[in-house]
Amino acid sequence: MTIAESSPVAAPLAPEAFAALAARIDGTITTPIDAEWDTARQAWNLSADQRPDAVVAPSSAADVRATLLFANEHGLRAVAQGTGHLAGPLGDLADSILVRTTALSSIEVDATALTVRVGSGVLWGDVTAALAEHGLIALAGSAPDVGVAGYLLGGGVSWFGRSLGLATSHVTTIEVVSGGGRMLRASATEESELFYALRGGGGNYGIVTAITFRVFAVRDVYAGMLMFPLERAEEVFSAWELWTRDLDDSATSCFRLLRLPPLPELPEFLRGQSFAVIDGAIAIEQGDGSGPERSAEAAALLAPLRALGAAIDTFGVMPASRLGEIHMDPPGPVPGVGDGITLDELPRAAIDAVLELAGPDAATPLLAIDIRHVGGQLAVPAADGGAVNSLPGRYLLYAVGITPTAEAAVAVRSATQAVLEAVAPWRSATDYINFREVSAAPERLYRTDTLARLRAAKRSYDPNNTIRSAHPLD
Ligand SMILES: Cc1cc2nc3c(=O)[nH]c(=O)nc-3n(C[C@H](O)[C@H](O)[C@H](O)COP(=O)(O)OP(=O)(O)OC[C@H]3O[C@@H](n4cnc5c(N)ncnc54)[C@H](O)[C@@H]3O)c2cc1C
């Protein structure tokens, strides 16, 4: 029997039927008959029109278990959502319970063991702030309002990625309620196959309630951005690509073609302007107080790019806790369509292909094309890592546009696909799950042997296929 054949099939459950679940949990339940329904079902990505049977906001792991047992009893499916950054591939969620983990918000820092245990509803910005008080950092991504759970379950590419690898490879314990309702701890020594599967297999196995991961004694970093007028895109893109060829693993950076909308909340120098941007971070500390002397080395490393003469140059020593500011990700929910893939190479022809579609002479509805430099430790399979223990390729490309209307969504989807098709000749064998914001065949996300292992774990831990995820395995 395949996973798809074993999926529960159910008629939509009447809102009143959730009263039985309400009596069993401390958290809240919102159904289509409630005034708060539209707020409760809303994802961070405002283009996602999520229509589950109910939204449950558990306040404990016991609530999560009760919810999953209820789903099993009624033949419903369940999907966990911290923020809804990756809501795009989920679809409309018919016959499903959306489990909103926001209230699972504890953060326990162990500054001696250099670990932090966080509830699965926690956002990166909150972890970063809690750790900064101890002079510690975690491997957060570019946006502070991304959820810890989705990011870690998919991989996690941070500004320290090339020096410290994928964030998921630093996870030590995952507390999860399996699809069948078992409360489990997964680690190297407990439910080790589940531990392997969760680290990269996304949310396919259960609903994670807490995650413990390693943190690092780092206060400062050499980071910032260089902004050039979009007209200089060709020169800057080429210089950046050249710079990345034999670059030290301490530097993790991104080249971007950025067209900012004329939003009143943007500062005037950015509002409605277009740029070629290089942003990134160079690690200058290794927990040994070596920061000050290594900042001169970092400046020397950046010198070839600085020599281009940016219009705006913010690179310098800064608190690592402020890295969430450098990429200028949207500060809150937006409607958007995006998609991304990894590239093995970025030859001249690939640069030309991207510039033809989004360079200064192109008319495009895209807000940004980001090309992150990966490789380094991100390419080295982590010892005892999970299903995603490294990233293939040398670059991670992501194209995105703002989609306030259905027409805009059509235009952006088509522009995004055009970019991905234009660079297809250099595409890596597998993509990075967290950057695939549309449905993707599992064979595109995992190697054949990894996928077989993930599917076997799915059959053991979620035999009824109760759990829906952004990237299912079937
Ligand atoms: C603006 C922006 C910036 C980004 N920057 C980066 C970056 O720098 N580096 C990077 O690697 N990625 C980045 N991403 C991608 C990001 O890692 C993914 O979108 C990630 O899935 C978001 O996690 P979330 O929990 O916020 O999202 P959600 O949409 O809430 O969750 C995504 C999926 O994860 C699973 N999931 C979430 N919570 C649970 C849980 N408790 N139990 C089980 N499964 C769960 C579910 O399958 C869910 O569909 C960015 C995305 C955006 C939109």
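Domain 2 (107–217 + 446–461) and domain 3 (220–435) each give at least three residues to the lining of the second largest pocket. The model is a predicted one. About 340 Å³ of space lies in this second largest pocket. Its lining counts 19 residues, and those closest to the pocket centre are Ala387, Asn389, Ser390, Thr430 and Arg447. By residue type, the lining of the second largest pocket splits into 12 nonpolar, five polar and two charged residues.

Now the sheet. It is open and has four strands, in the order S1-S2-S4-S3, with mixed pairing. Which strands stand at the edges? They are S1 (28–30) and S3 (77–81). Each has a single partner strand, so one side of each is left without a neighbour in the sheet. On average, neighbouring strands of this sheet are turned by 25° against each other, direction ignored.

S1 and S2 run antiparallel, joined by three bridges. Among the residues involved, Thr30 has Val55 in S2 as its bridge partner. Strands of a sheet pair through backbone hydrogen bonds, either parallel or antiparallel.

Helix H3 packs on the sheet and touches S2, S3 and S4. The direction of helix H3 makes about 175° with that of S4.

The elements of this region have these bounds:

| Element | Residues |
|---|---|
| Strand S1 | 28–30 |
| Strand S2 | 54–57 |
| Helix H3 | 61–73 |
| Strand S3 | 77–81 |
| Strand S4 | 96–100 |

Notes: Residues are numbered from 1 along each chain as its sequence is written. This is a predicted model: local features need pLDDT of at least 70, side-chain atom pairs count only at pLDDT 80 or more; totals for chains, interfaces and linings use all residues. Side-chain values use heavy atoms; hydrogens and water are left out. Two strands pair if DSSP finds at least two bridges between them. Helices (H or I, at least four residues) and strands (E, at least two) are DSSP runs, numbered from the N terminus. Axes are lines fitted to C-alpha atoms, for helices over the stretch in contact, and angles run from 0 to 180 degrees between N-to-C directions. Contact means heavy atoms within 4.5 Å. On a 1 Å grid over the protein atoms alone, a cavity is a set of points where a 1.4 Å probe fits but cannot get out, and a pocket is an open set with protein on both sides within 12 Å along at least five of seven lines; lining residues have an atom within 4 Å of a point. Grid points are joined across faces, edges and corners, and a volume is the space filled by probe spheres set on the points. Ala, Val, Leu, Ile, Met, Phe, Trp, Tyr, Cys and Pro count as nonpolar, Asp, Glu, Lys and Arg as charged, and the others, Gly among them, as polar. Domain bounds come from an automatic or database domain assignment.
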